[in-house]
Amino acid sequence: MSCRAALPAALAALGFAALAAWRGDPSILIWYGPLLAGLAVCTAEDVRTRLVPGWALWALLAAGCVLAALQVRLVWTQALLGAAVTGGALLAALALGVLLTGQQALGGGDIKLAVCAGLLLGVRDGLLGLLIAVVTCALGVLAWRVCGRNVRKDDHLPFVPFLSFGWAVSGLFGAQMVCAYLRMIDAFVARL
């Protein structure tokens, strides 16, 4: 591991301790710790080199398989379904983007990272994280344009930071976000 990759991992470790203290549940570190550490390293490397490090993906995959086998947070079938659906959704987005624009907007590392995140988070939180990532990326590009910077077709914006943010938020608050959304829909339907 390079020194530049060690700093985000160390910061993520400090964040884990704060998270466990805040939630009052140290067991959250078992399943959420590897995800946040992997996302922190992948984000730092993607911003720096525009590549997702293979060793970090293998480490995330191994952590996901071990946690799925031990059924720490998800039953193994939920973990495998999460990996297939989350990775498949990003792969479908890549194929659609290539079909519509003729350019590849995502890389293979983004899709592999989606598989690893889906393995650790499951279908609901994996897809919710993708939605949050797309929305925050769109807002980031919009803010970039408002500040007067033009986004050209040949600009390559790293997507892993947005994916990491989305999966971090959905991993922590996914259940609460989905419940709030369903309550909002129920209130809307009740008014009809």
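User: How many cavities of 30 Å³ or more does a search of the whole structure find?
Analyst: In this predicted model, the search of the whole structure gives 1 cavity of 30 Å³ or more.

User: And how much space lies in the largest cavity?
Analyst: The largest cavity holds about 50 Å³ of space.

User: Which residues line the largest cavity?
Analyst: Its lining consists of Trp 31, Gly 64, Leu 67, Ala 68, Arg 73, Leu 74, Ala 79, Leu 119 and Leu 120. By class, the lining residues comprise 7 nonpolar, 1 polar and 1 charged.

User: Which helices each supply at least two residues of that lining?
Analyst: These are α3 (54–70) and α5 (108–146). The most is given by α3, with 3 residues.

User: Turning to the helices themselves, at what angle do α3 and α5 pack?
Analyst: The angle between α3 and α5 is about 20 degrees, and their axes are 8 Å apart. Angles under 35 degrees count as roughly parallel, and α3 and α5 are therefore roughly parallel to each other.

User: Is the crossing of α3 and α5 left-handed or right-handed?
Analyst: The crossing of these two helices is left-handed.

User: Which residues make the contact?
Analyst: From α3, the contact involves Leu 57, Leu 60, Leu 61, Ala 63, Gly 64, Cys 65 and Leu 67. From α5, Gly 109, Lys 112, Leu 113, Cys 116, Leu 119 and Leu 120 take part.

User: How do the residues of the contact of α3 with α5 divide into nonpolar, polar and charged?
Analyst: There are 10 nonpolar, 2 polar and 1 charged residues in the contact of α3 with α5.

How values were computed: Residues are numbered from 1 along each chain as its sequence is written. This is a predicted model: local features need pLDDT of at least 70, side-chain atom pairs count only at pLDDT 80 or more; totals for chains, interfaces and linings use all residues. Side-chain values use heavy atoms; hydrogens and water are left out. On a 1 Å grid over the protein atoms alone, a cavity is a set of points where a 1.4 Å probe fits but cannot get out, and a pocket is an open set with protein on both sides within 12 Å along at least five of seven lines; lining residues have an atom within 4 Å of a point. Grid points are joined across faces, edges and corners, and a volume is the space filled by probe spheres set on the points. Helices (H or I, at least four residues) and strands (E, at least two) are DSSP runs, numbered from the N terminus. Ala, Val, Leu, Ile, Met, Phe, Trp, Tyr, Cys and Pro count as nonpolar, Asp, Glu, Lys and Arg as charged, and the others, Gly among them, as polar. Axes are lines fitted to C-alpha atoms, for helices over the stretch in contact, and angles run from 0 to 180 degrees between N-to-C directions. Angles under 35 degrees count as roughly parallel, over 145 as roughly antiparallel, 65 to 115 as roughly perpendicular and the rest as oblique. A crossing is left-handed if the near helix is turned anticlockwise from the far one by less than a right angle, and right-handed if clockwise. Contact means heavy atoms within 4.5 Å.
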